[in-house]
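Please look over the sequence and the model before reading on.

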Amino acid sequence: MSEVKQENRFKRYFRETRAEVRKVHWPTRKEARGLTTVVLVITIAMTIFLGVVISPLASSLASAIFVQQNTLLIAVGAVLAVAGIIGLAVALRRQ
């Protein structure tokens with residue numbers, strides 16, 4: 001019986017990868033610049049949001065948990081934090 005020669009796994013991987021890369025629709029320079037701008041704007045907005053809203057909220061929650069033990073303040077803070085994150089996600093999704 002004649003034995004069928006198996007193709008090298010690495011050769012097959014690189015051949016298939018090359019074929020898939022050729023199928024990709026690469027964005028134009030203008031599209032890439034626009035998409036990069038969107039990513040940077042969202043990153044900056046989330047950084048500001050986390051710095052302005054979440055950081056002080058986290059500090060107040062930490063002080064409430066470790067110093068005052070005021071469970072009502074902890075619960076209200078947690079609800080506000082979750083509501084803010086959900087509100088931001090909904091607002092971003094509608095755009």
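With which residue does Glu20 form a salt bridge? The partner is Lys23, and the closest N and O atoms of the two are 3.2 Å apart. The model under discussion is a predicted one.

## Salt bridges

The count of salt bridges comes to two. Glu20 is partly exposed, its relative accessible area being 46%. Lys23 has a relative accessibility of 62% and counts as exposed, because the exposed class begins over 50%.

The other bridge joins the side chains of Arg12 and Glu16, with an N to O distance of 3.8 Å. Both residues belong to helix α1 and stand four residues apart, which is about one turn of the helix. Arg12 counts as partly exposed at 37% relative accessibility, and Glu16 is likewise partly exposed, with a relative accessible area of 43%.

## Helix α1

Helix α1 covers residues 9-23. It contains 15 residues and reaches 21 Å from its first C-alpha to its last, close to the 21 Å expected at 1.5 Å a residue. Of these 15 residues the number buried is zero, so α1 lies largely in the open.

The N-terminal end of α1 is capped by Asn8. A side-chain oxygen of Asn8 lies 3.1 Å from the backbone nitrogen of Phe10.

Tyr13 is exposed, as is Phe14.

## A nonpolar surface patch

Which residues make the nonpolar surface patch of about 470 Å²? The patch is made by Leu40, Ile44, Ile48, Val52 and Val53.

Ile48, one of these residues, has its place in helix α2, which comprises residues 29-68. At 52% relative accessibility, Ile48 counts as exposed, because its value falls over the 50% limit for that class.

Conventions
Residues are numbered from 1 along each chain as its sequence is written. This is a predicted model: local features need pLDDT of at least 70, side-chain atom pairs count only at pLDDT 80 or more; totals for chains, interfaces and linings use all residues. Side-chain values use heavy atoms; hydrogens and water are left out. Buried means under 20% relative accessible area, exposed over 50%, partly exposed in between (1.4 Å probe, protein chains only). A salt bridge is a side-chain nitrogen of Lys or Arg within 4 Å of a carboxyl oxygen of Asp or Glu. Helices (H or I, at least four residues) and strands (E, at least two) are DSSP runs, numbered from the N terminus. The expected span of a helix is 1.5 Å times one less than its number of residues. A polar contact is a pair of N or O atoms within 3.5 Å; within protein, one must be able to donate a hydrogen and the other to accept it, and residues adjacent in sequence count only if both atoms are side-chain atoms. Patches are made of residues with over 30% relative accessible area and no salt bridge: like charges are joined within 9 Å, nonpolar side chains (Val, Leu, Ile, Met, Phe, Trp, Tyr) within 5 Å. Accessible areas come from the Shrake-Rupley method with a 1.4 Å probe; for residues, only the protein chains shown count as cover.
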